[in-house]
Amino acid sequence: IQGPYYTHLPDSYRRLGKIYMDQKKYYTAVQHFQDGLQVAEQQQQYLDQVKLNIQLADYHNDVAKNYGEAIAALKQAEDLAERHALPNTLADIYLRYGISYLHQQHYRQALHYAIKAKTASGTHADYLLKAMLTEGKVYDKLQDSQRLLKTLDESRLLLDSVDDQRLRADHELLYVKALYDAGDYHQAWSAVNTLQRQLDQLGIADDLYDDLRALMIKIVYTSGNHLKADSLFNAYDYAKDSLYATRYSEQGKEIAENYSMDKFERQIREQELRISNSSYQRYGLIAGIVVLLTILGILYFHFREKDQLAHRVAIKNAEI
């Protein structure tokens, strides 16, 4: 690919990768992120390199659960952002750092980057809300219910300015956890059931839903209803296994589809090559015929001239 739009290629790869991520075609998405990163490096497009590394970090954080790889990608992004003066990307980078370290249970580092993300967010309400929710998740893991509730109260003011149901659900789940930590199991149980109905309506069935189900089990078990807690745990365990099986099955189908597509593209290229070879053979045959006719024409005129010369010589001999 060449031409005036070649510089847009890394961003096109990134956008296509995000579409495939939304479609849960993760294998194809990562291929597009990596291809885009390779082109961006060749063209020395530093902003695109930062954005693509952030997308790879999202994949490692949310799908592959390979938090070390996510941090490695973020370090590359951070280094490029600092060396080439791209401050507008730092809020995204710090936020992903916080998520990666949170999952690694490095809570001090996670809190450090969540606070840095808040500072770098500026007036961007969505970034600020995500950073505050990450900060709240750290307080939840540290069982610091007082600071968690304070963070939730501050972040609640941002919910109306951000139209994102997923972030609202994240906020509500943290609130339920705060109720549980405070020992208010009755209100926590009521809130967690309301949130479950909301997630079912939104069709959310990922890590957030898993956290919700696990919290339901904890609430019921702490309340003393062990039989119901065991029943919920068995249902949760089965649903989780089914979800992972579905994910692996979809990934297998995706790889098979990509293989079929590659095979189809190879067949098209082979057919084009055969057609091209046939064209070359046809052109070669025509050229050979033209050359042969030219040679025959030259020979014809040569022998004709030779016969005419012999005829003239014979007449001269007769006259002599």
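Mentor: Ground rules come before we start. This is a predicted model, where local features need pLDDT of at least 70, side-chain atom pairs count only at pLDDT 80 or more, and totals for chains, interfaces and linings use all residues. Residues are numbered from 1 along each chain as its sequence is written, and side-chain values use heavy atoms, with hydrogens and water left out.

Trainee: How many helices and strands does the protein have?

Mentor: The protein has 12 helices and zero strands. Helices (H or I, at least four residues) and strands (E, at least two) are DSSP runs, numbered from the N terminus.

Trainee: Why are α9 and α10 called roughly antiparallel?

Mentor: The axes of α9 (residues 165-181) and α10 (residues 185-202) cross at roughly 160° and come within 9 Å. Axes are lines fitted to C-alpha atoms, for helices over the stretch in contact, with angles from 0 to 180 degrees between N-to-C directions. Under 35 degrees is roughly parallel, over 145 roughly antiparallel, 65 to 115 roughly perpendicular, and the rest oblique. α9 and α10 are therefore roughly antiparallel.

Trainee: Which residues of α9 and α10 meet?

Mentor: Contact means heavy atoms within 4.5 Å. On the α9 side, the residues include Leu 173, Val 176 and Tyr 180. On the α10 side, they include Ala 188, Val 192 and Leu 199. The residues of this contact divide into 13 nonpolar, two polar and one charged. Ala, Val, Leu, Ile, Met, Phe, Trp, Tyr, Cys and Pro count as nonpolar; Asp, Glu, Lys and Arg as charged; the others, Gly among them, as polar.

Trainee: What makes Tyr 97 and Tyr 101 a stacked pair?

Mentor: Rings of Phe, Tyr and Trp (its six-membered ring) pair if their centres lie within 6.5 Å; planes under 30 degrees apart are stacked, over 60 edge-to-face, and the rest tilted. By this rule there are five aromatic pairs. The ring centres of Tyr 97 and Tyr 101 are 6.1 Å apart and the planes lie at 15°, so the pair is stacked. Both residues lie in α5 (residues 90-103), four residues apart, about one turn of the helix.

Trainee: Why is Tyr 97 with Tyr 113 also called stacked?

Mentor: Their ring centres are 4.4 Å apart and their planes are at 25°, so this pair is stacked. Tyr 97 lies in α5 and Tyr 113 in α6 (residues 107-121), so the pair ties together parts 16 residues apart in sequence.

Trainee: Are Tyr 97 and Tyr 113 buried or exposed?

Mentor: Both are buried. Buried means under 20% relative accessible area, exposed over 50%, partly exposed in between (1.4 Å probe, protein chains only).
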